[in-house]
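Welcome! Please take a moment to look over the model below, and then we will walk through how its chains meet.

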Amino acid sequence: MSDSADIWQDRLSDYLDEALEDSERSELEEHLEGCEECRETLVELREVVAQARRLVDAPPVRDLWPGIAERIRATEERERRGRSFTFSMPQLAAAAITLVALSSGIAWQAAGGFSTRQTEPAAPVAQVPAKAELLLASRIASSDYESAIAQLERVLDVGRERLDTATVRKVDEKLALIDKAIDDARQALAVDPSSAYLNRHLAGTMRRKLDLLRRTAALTEL
Amino acid sequence: MNATILAAVLSTLMSLPQETDTLIAVPGNVRVTVEQVAGDVTVTTWSQNQVRVLADHGSDDTIEYELEGNELSIMAHSNTGMAIVDFELTVPVAAALEISAPFADVRITGTQGSISVETVEGDIHVEGGRGQVDLHAVDGDVMIFGSEATVQAASVDGDVRLTDVSGGVEAQTVDGDVILKDVSSDNVQAASVDGDILWDGDIRDGGRYSFVTHDGDVVVGMQQGANAKVSVASFDADFEFDFEVGLEPGAQESKRFSFVVGNGSARMELESFDGSIHLTRRGYLEEE
Amino acid sequence: MPDADLDAYDVALAAEGDEGAFERLYRRHVTRIYGLARRMAGPDDADELTQDAFVRAWQKIAQFRGEAAFGSWLYRVAISVILGHRRRLAIHRERMVPEEWSREGRPSHERSSEIGMDFDTAIERLPARARHVFVLHDVEGYKHHEIARMLKITAGTSKSQLHRARMLLRATLA
């Protein structure tokens, strides 16, 4: 195809859509009178547009409602559990550090000196919190976590439109998994509140949730 | 070494699928960063001080290269939406790699430098690596073979598999398994929420090992002559012992107990909230 | 139109959490949304994207103020979901390559199996950007400046992509 034919051809769609200026339009119409190829192309383009307008929507083969209903209910469930706090980043970081220190402390007491994360004891035995303090400490830490988690969930709600929907779905599924583990741990703690393992396990599982939310929030920046 | 900034922009205005093949001279300790959105990334090595980039891409995709000192950045852009580029890189053996490819399978073989890979939907497969190796996937499996590096490997909805690894290990996933085969590190932390932790490695004297899951199983294959103090904790797990460990009466019923193997040198924590904890002999994963 | 009134009624209920009302909205609008998803993103992803669109609509329904018809609003939500959908596409997937078509725009003999290709299939095979613009303009009736805003491109690019799509599609007309 010669270059000059391209110039005209490129304008045919705009011509069809009546998007050309008067002067351009009359130029093109003049060209069309002498160019069979362009005339043919124009006819074909019209036919494409006509076909597009004739397209009929076909419904999905399977009923998609049950899947939608399930996800709506999961969304409602999560919203019911949500709370709103405002925490600054340093506070969030502090909350996480507190909990790590606490869970190391708990581990230290429970296993008589064995500390998972450090090569030395987390604290001398004398400074390990007494049982009552342990309970209070774990409750405080737990609510710190909940605040941090709620904060991140809000960040995610804003940013989730920027994520691929499949990723959002995946992350939501895994968050639900972790939530169930958190519920299990909480229920077990209700029966045995002074258990070092259960406190540690709850803290650890909440930390997993925090990590996942953080990573997903970072993904929204991608 | 010159601080050259070489920016070679290869853009295509033709509507054709296209393969570009580029050679870039680099220092032996180059740090190669790859940034793209979709398409696979495969990295192999050679003994030359060059990086070869074979890129398989479509119309309207642009590949940009920038070399500054010993940092080579490779970026894929699209003028019309999402760049889908398959990269095949050949790099110097000592090259460090940093790859950010949300929708890609990444495969790295033979490099002896640090490695950092981030994917969202895609598997990560690494052989080699030295120094620090960080592998993060969301919806993909993470696999590393044959490395002395310190490894941080995480997935959310995939498995994490480490084989023949001897540096420190931190491995976690949410809904997948952590499989540690022929791992001889002295510091291993492995965690899952709904998946299993499978250990079939060599427990080193003085080492620290932590295997934690919520709903999954912890299976530990212990080698002959292992020395470890093992602490077991659970809410309601089942226990299975393929050899005698001298438990106190009532220990299993308490769901939390500890025991000593050999001289108790290493420290091992096995935790499963509601799954099962199984102690067996080294080599049980050989059948895989 | 009676349908718009029904919609308004069900939207008010759904905004209060009435799932049954939302299901009625779903039943009335799913075919259109599914058709859009299928044409924009292909049959493999259409089911999931349709569900995603309705779930997103549920989450945002409290923000729908009724200044436009629910159907149009739902449509916008669906488009946003479909465009935000980044799937890893196999680079080997067949694409319409102009060079393989002969001068007159008819397919060459090696591709004779594609003469008379189903129009829907031909749309699916278009390169992504051209396909999006074509569907939004010629099938759904949006204007170039609206499309430009949705796809974050210029109106000029929208026009040229539309032309490109139409030129590629004409070869499939028997």
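In which helix is A:Arg215 found? A:Arg215 belongs to helix H8 of chain A, which spans residues 196-219. Keep in mind throughout that this is a predicted model.

**A residue at the meeting of A and B**

Leaving aside residues up to four places away in sequence, A:Arg215 touches B:Glu118, B:Thr119, B:His136, B:Ala137, B:Val138, B:Ala154 and B:Val156. One of these, B:Ala137, has its backbone oxygen 3.3 Å from a polar atom of the A:Arg215 side chain.

The size of an interface is often given as the accessible area lost when the parts come together. Here are the values for chain B and chain C, each with chain A.

| Item | Chain B with chain A | Chain C with chain A |
|---|---|---|
| Residues in contact | 39 residues of chain B, 32 residues of chain A | 46 residues of chain C, 42 residues of chain A |
| Buried area | about 2800 Å² | about 4100 Å² |
| Share from carbon and sulfur atoms | 57% | 53% |
| Salt bridges | 8 salt bridges | 9 salt bridges |
| Residue pairs in polar contact (both at pLDDT 80 or more) | 13 residue pairs | 15 residue pairs |

Between chain B and chain A, one of the salt bridges joins the side chains of B:Asp139 and A:Lys170, at 3.2 Å from N to O. On the chain B side, strands E19 (187-191), E21 (208-213), E23 (228-234) and E26 (266-272) each supply at least two residues. By class, this side of chain B has 14 nonpolar, 12 polar and 13 charged residues.

Between chain C and chain A, a salt bridge links the side chains of A:Arg169 and C:Asp52, at 2.9 Å from N to O. Helices H2, H3 (43-60), H5 (119-125), H6 and H8 (155-170) of chain C each give at least two residues to the side that touches chain A. Which helix gives the most? That is H3(C), with 12 residues. By class, this side of chain C has 17 nonpolar, 10 polar and 19 charged residues.

**Two helices inside chain C**

H2 (residues 19-41) and H6 (residues 128-139) of chain C also meet each other: their axes come within 8 Å and cross at roughly 145 degrees. Among the residues making this contact are C:Leu36 and C:Met40 of H2(C), and C:Val135 and C:Leu136 of H6(C). The contact has 6 nonpolar, 1 polar and 2 charged residues.

Conventions: Residues numbered from 1 in each chain as written. Chains lettered and ligands numbered in written order. Predicted model: local features only at pLDDT ≥ 70, side-chain atom pairs only at ≥ 80, totals over all residues. Heavy atoms only, no water. Contact = heavy atoms within 4.5 Å. Buried area = accessible area lost by both parts, 1.4 Å probe. Salt bridge = Lys/Arg side-chain N within 4 Å of Asp/Glu carboxyl O. Polar contact = N/O pair within 3.5 Å; in protein donor to acceptor, adjacent residues only side chain to side chain. Helix = DSSP H or I, 4+ residues; strand = E, 2+ residues; numbered from the N terminus. Nonpolar A, V, L, I, M, F, W, Y, C, P; charged D, E, K, R; others polar. Axes fitted to C-alpha atoms, helices over the stretch in contact; angles between N-to-C directions.
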